[in-house]
Amino acid sequence: MRLPLFAAVLVLSAKAVSAAPSYGPELEGFDYPYPVKRHAFASQGQDLSMAFMDVTPERPNGRTVVLLHGKNFCAATWGDTAGVLARAGYRVLALDQVGFCKSTKPVGYQFSFQQLATNTHGLLAALGIGQATIVGHSMGGMLAARYALMFPGSVERLVMVDPLGLEDWQAKGVPYQTIDAAYAAERKTSAASIKAYQLKFYYDGQWKPEYDRWVDMQAGLYAGPGAERVAWNQAQTSDMVFTQPVVHELDRLRVPTVLMVGDKDRTAPGANRAAPDLAATLGRYDKLGPEVAARIEGARLVTFEGLGHSPQVEAPDRFHEALLRELAVR
């Protein structure tokens, strides 16, 4: 008997769960493609540290690109992109936001996109970078938009790659989930559940072995000694994503903007809590992309046919060709 796709993933992933890696609370044990540096700063009464990679080109073109990760991703996920950009002459910064990956997992932190944008701006200021192209993927796309709204003079170009928040899920009727309930769900996260979710929403049911590294990266945090803090920060940031939509403000953007979407992307946080008829309408990036791009003055829309939520992972050559082309537009 042939199992349904979702069930098959759970069965095939069962062995991976028992062998899941265990990483430290700041992703100790997971190697990044470039040396990791740290930006120490104080925020909300705490001493914090943001991890980042700073990739310098052999032949600089004088421009800097800042790469912002998604909620289920890390700066390491941008490794190939950072290399491509550096070879093209760009200085590249790939950051881990506070609460994620190799950065501090704070206690009692009030997460907001405004706070994370301020943290990011502080890092760039400390490095003496006055203006940069901001590229954000998934949750990082929401953050990139907020950054451009808050610090437009510091943004040479805004690139949002399959950003979350192209629709307001709460306004559409998706029920709210408390942070406590989200935390309980996060504590059940495993390599199997991560893989099943990504297969369904990110890759249109098509899995490649190279995706396993990113499942291990995320699962290793949940399996490590900092699991409780990791899960709590993830619950807090899930609340941030759900309750702080930026879509209603995108028409205020006044920086050159590129929106990139995979037409197979169906990502919609909270859709599992919605009624089936509503859930079926959410996360339709094939429709959301053109709708949102039309609202942003002068925005350029790039649609990746046949790709899902992570084009830089799923089809890196296609993605990098398009990204380099868009960055060259003046």
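**An open sheet and its helices**

Let's start with the sheet. Eight strands make up an open sheet, in the order E1-E2-E4-E3-E5-E6-E7-E8, and the pairing is mixed. Now the edges. E1 and strand E8 (300-304) stand there, each with a single partner strand, so one side of each has no neighbour in the sheet. On average, neighbouring strands are turned by 20° against each other, direction ignored. Keep in mind that this is a predicted model.

What holds paired strands together? Strands of a sheet pair through backbone hydrogen bonds, either parallel or antiparallel. Take one pair here. Strand E5 (residues 132-137) and strand E6 (residues 155-161) pair in the parallel sense, over six bridges. In that pair, Ile134 stands opposite Leu158 in E6.

Next, the helices on the sheet. Helix H2 (residues 79-87) lies across E2, E3 and E4. H2 runs at about 175° to E3. Helix H11 (residues 285-293) also packs on the sheet, touching strand E7 (257-262) and E8. The direction of H11 makes about 170° with that of E7.

Now helix H3, residues 113-126. How far apart are its end C-alpha atoms? They are 20 Å apart. At 1.5 Å a residue, its 14 residues should span 20 Å, so the two values agree.

Which residues of H3 are buried? They are Phe113, Gln115, Leu116, Ala117, Asn119, Thr120, Leu123 and Leu124. What do they pack against? Four strands are on the list: E1 (36-43), E2 (46-55), E3 (64-68) and E4 (91-95). Helix H4 (139-150) and helix H9 (227-243) are on it too.

Last stop. Just after H3, Gly128 takes a positive phi of about 75°.

Technical notes. Residues are numbered from 1 along each chain as its sequence is written. This is a predicted model: local features need pLDDT of at least 70, side-chain atom pairs count only at pLDDT 80 or more; totals for chains, interfaces and linings use all residues. Side-chain values use heavy atoms; hydrogens and water are left out. Helices (H or I, at least four residues) and strands (E, at least two) are DSSP runs, numbered from the N terminus. The expected span of a helix is 1.5 Å times one less than its number of residues. Buried means under 20% relative accessible area, exposed over 50%, partly exposed in between (1.4 Å probe, protein chains only). Contact means heavy atoms within 4.5 Å. Two strands pair if DSSP finds at least two bridges between them. Axes are lines fitted to C-alpha atoms, for helices over the stretch in contact, and angles run from 0 to 180 degrees between N-to-C directions.
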